[in-house]
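Hi,

Here is the model I promised to pass on. Have a look at it first, and my notes follow below.

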Amino acid sequence: MKSFLTTEPELQKVLIPQNRLQERVSELGQEISQAFDGKDLAIVAILKGSFVFAADLLRAMTTECSIDFMGISSYAGQPGSGVVRITKDLDESIAGRSVLLVEDIIDTGLTANYLLHTLKQRKPASVDICALLDKSARRIIDLPIPYRGFEIPDVFVVGYGMDYQQHYRNLPHIAILRLNGSPKSQPDSTDSDQADSRNVS
Ligand code: PRP
């Protein structure tokens, strides 16, 4: 991680305030609890961006579940291909279990699509997606997202776990980041940390 950002970003405005996030995450937690009541639910949170959302979502749920994490990054030179490298695999088997894949944001859908296929190969009872944010205007692959927090426009967002060059993950709300004077959905940096399918198409 860099000590300083290489460009001068500007937080343009709050897109989703903290209280609205809390309300919606609470609703999602209740909805998921009802849907998976009595099932052997395995939450799979995708690092890094989903860690804040997953932590809040779990605390909003009343049903029994486990949580495991999968770390991924895009292959260098293939950003936006949807082909990801697993940097941290699940600790536990998901065979026969009801899996809920928790993502912070779905943009092109390539990452989630790859993960769905990867997880299905492990013979779970089911795999469903829960995404806090859906930037459907950028979708390349159609995906079912039964549990969705917010639909957002095609702007680059940070906060509540989401970053720009590893910064801003700690913001308690979701903000729009603009670079060089205009809102960006695709930052200019070519840093390898930017093997980021949210940023690079
Ligand atoms: C984000 C998000 C998804 C992916 C979505 O991760 O968590 O994994 O981008 O983009 P897509 O729908 O276009 O494939 P990111 O690459 O920002 O990594 P991070 O979570 O580690 O910050």
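Is tyrosine 164 buried or exposed? At 0% relative accessibility, tyrosine 164 counts as buried, where buried means under 20% relative accessible area, exposed over 50% and partly exposed in between, with a 1.4 Å probe and protein chains only.

Before the rest, some housekeeping. This is a predicted model, where local features need pLDDT of at least 70 and side-chain atom pairs count only at pLDDT 80 or more, while totals for chains, interfaces and linings use all residues. Residues are numbered from 1 along each chain as its sequence is written, and side-chain values use heavy atoms, with hydrogens and water left out.

On to the rings. Searching the whole structure turned up two aromatic pairs. Rings of Phe, Tyr and Trp (its six-membered ring) pair if their centres lie within 6.5 Å; planes under 30 degrees apart count as stacked, over 60 as edge-to-face and the rest as tilted. Phenylalanine 36 and tyrosine 147 make a tilted pair, at 6.1 Å centre to centre with 50° between the planes. Phenylalanine 36 sits in the loop between helix H1 (18-35) and strand S2 (41-47) and tyrosine 147 in strand S7 (residues 147-151), so this pair ties together parts 111 residues apart in sequence. (Helices, H or I of at least four residues, and strands, E of at least two, are DSSP runs numbered from the N terminus.) Phenylalanine 36 is buried at 3% relative accessibility, and tyrosine 147 is buried at 10%.

Tyrosine 164 comes back in the other pair: its ring centre is 6.0 Å from that of phenylalanine 156 and the planes are at 85°, so the pair is edge-to-face. Phenylalanine 156 counts as buried too, at 1% relative accessibility.

Now the ligand. It has 17 residues around it, of which Glu103, Asp104, Thr108, Gly109 and Thr111 come nearest; being near takes a heavy atom within 4 Å. Strand S5 (98-106) and helix H3 (110-120) each supply at least two residues of this shell, and S5 gives the most, with four.

What about oxygen atoms of the ligand? One is 2.5 Å from a side-chain N or O atom of threonine 108. A polar side-chain atom of glutamate 103 lies 2.8 Å from a ligand oxygen, and for lysine 48 a backbone N or O atom is 2.9 Å from one. Taken alone, the ligand exposes 500 Å², and the protein buries 92% of that (Shrake-Rupley areas, 1.4 Å probe).

Cheers

Terms used. Polar contact = N/O pair within 3.5 Å; in protein donor to acceptor, adjacent residues only side chain to side chain.
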